[in-house]
Amino acid sequence: MLEGMIATRIDGKEIDLMKYSDKLVLVVNVASQCGFTELNYRELADMHNKYRHFLDILAFPCNQFGSQEPGTATEIRKFAGTKGAKFDLFQKTNVNGPKTQPFYQRLKHAMNVTTVEWNFGKFLLAKGGRPLRYYDHRFPFEVLKRHIAALSNMKLGKEHLESHHEEKK
């Protein structure tokens, strides 16, 4: 999943996403002017602070949903900082359509997600980058946190991964 994938951080530096293969990874498309912004930034910052030893959060700003992320890279970085976001922030990205960022193309294909429906869709990857589950913007954070806490032990057998996949259907 992460092999051969490069993404550009908000500061313009290209990052080999294999850098994140030693932890769980939560990939999320973010927006600063969405009705879900306050809750999601607060919860993502909390998760980063509590779980940073075994979870990396990769946030990709996206302006495809109601033009709710119109800012420049500098404005987005400043906004995220005011929300306590210390997780990794990448350049503005398309998550749908013909200009979908290659990493998002791979994520969606691997998890059988046709379309990211709105801001704050989340893809969870196991250590090593193995795809686990997609959570839409309506999925409750308290349940997501329980999933991540349970996965942090990394004692996952194939049957556990399949049960998570079946839950999605």
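A search of the whole structure finds 0 disulfides, a disulfide being a pair of cysteine sulfur atoms within 2.5 Å. The structure is a predicted model, in which local features need pLDDT of at least 70 and side-chain atom pairs count only at pLDDT 80 or more, while totals for chains, interfaces and linings use all residues. Residues are numbered from 1 along each chain as its sequence is written, and side-chain values use heavy atoms, with hydrogens and water left out.

Cys-34 counts as buried at 9% relative accessibility, and Cys-62 is buried with a relative accessible area of 0%. Buried here denotes under 20% relative accessible area, exposed over 50%, and partly exposed the range in between, computed with a 1.4 Å probe on protein chains only.

Helices (H or I, at least four residues) and strands (E, at least two) are DSSP runs numbered from the N terminus. An open sheet of 5 strands with mixed pairing has the order S5-S4-S3-S6-S7; two strands pair if DSSP finds at least two bridges between them. S5 and S7 stand at the edges with a single partner strand each, so one side of each is left without a neighbour in the sheet.

Strand S3 (residues 24–30) and S4 run parallel and are joined by 7 bridges, with Val-25 opposite Asp-56 in S4. S3, H1 and S4 make a right-handed β-α-β unit. A crossover is termed right-handed if, with the strands pointing away from the viewer, the path from the first strand over the helix to the second runs clockwise. S4 and S5 also pair in the parallel sense, over 2 bridges, and Ala-59 stands opposite Leu-89 in S5. Between S4 and S5 the chain passes through H2, and this β-α-β crossover is right-handed. S6 and S7, in contrast, run antiparallel and are joined by 4 bridges; Leu-124 has Arg-133 in S7 as its bridge partner.

In a regular strand the side chains alternate between the two faces of the sheet. In S4, Leu-55, Ile-57, Ala-59 and Pro-61 point one way and Asp-56, Leu-58 and Phe-60 the other way, and all are buried. S4 is accordingly described as mostly covered, with 7 of its 7 residues buried.

The structure holds 11 aromatic pairs. Rings of Phe, Tyr and Trp (its six-membered ring) pair if their centres lie within 6.5 Å; planes under 30 degrees apart count as stacked, over 60 as edge-to-face and the rest as tilted. The pair of Phe-60 and Phe-90 is stacked, because the ring centres are 4.6 Å apart and the planes are at 10°. Phe-60 belongs to strand S4 (residues 55–61) and Phe-90 to the loop between S5 and helix H3 (102–110), so that the pair links distant parts of the chain, 30 residues apart. Both Phe-60 and Phe-90 are buried. For Phe-123 and Tyr-134 the centres are 4.7 Å apart and the planes at 50°, so this pair is tilted. Phe-123 lies in strand S6 (residues 122–125) and Tyr-134 in strand S7 (residues 131–135), so the pair ties together parts 11 residues apart in sequence. Phe-123 and Tyr-134 are both buried. Ring pairs link Phe-60, Phe-90, Phe-103, Tyr-104, Phe-123 and Tyr-134 into a cluster.

The search of the whole structure finds 8 salt bridges, defined by a side-chain nitrogen of Lys or Arg within 4 Å of a carboxyl oxygen of Asp or Glu. Among them is the bridge between Arg-9 and Asp-11, whose closest N and O atoms are 2.4 Å apart. Arg-9 is partly exposed at a relative accessible area of 22%, as is Asp-11 at 40%. The side chains of Lys-83 and Glu-38 form another salt bridge, at 2.8 Å from N to O. Lys-83 lies in the loop between helix H2 (73–82) and strand S5 (88–89) and Glu-38 in helix H1 (residues 37–51), so the pair ties together parts 45 residues apart in sequence. Lys-83 is partly exposed, with a relative accessible area of 25%, and Glu-38 counts as partly exposed at 45%.

Glu-43 forms a salt bridge with Lys-145, with the closest N and O atoms 2.5 Å apart. Glu-43 lies in helix H1 and Lys-145 in helix H4 (residues 141–151), so this pair ties together parts 102 residues apart in sequence. Glu-43 counts as buried at 16% relative accessibility, and Lys-145 counts as buried at 16%. Salt bridges that share partners join Glu-43, Asp-46, Lys-50 and Lys-145 into one network.
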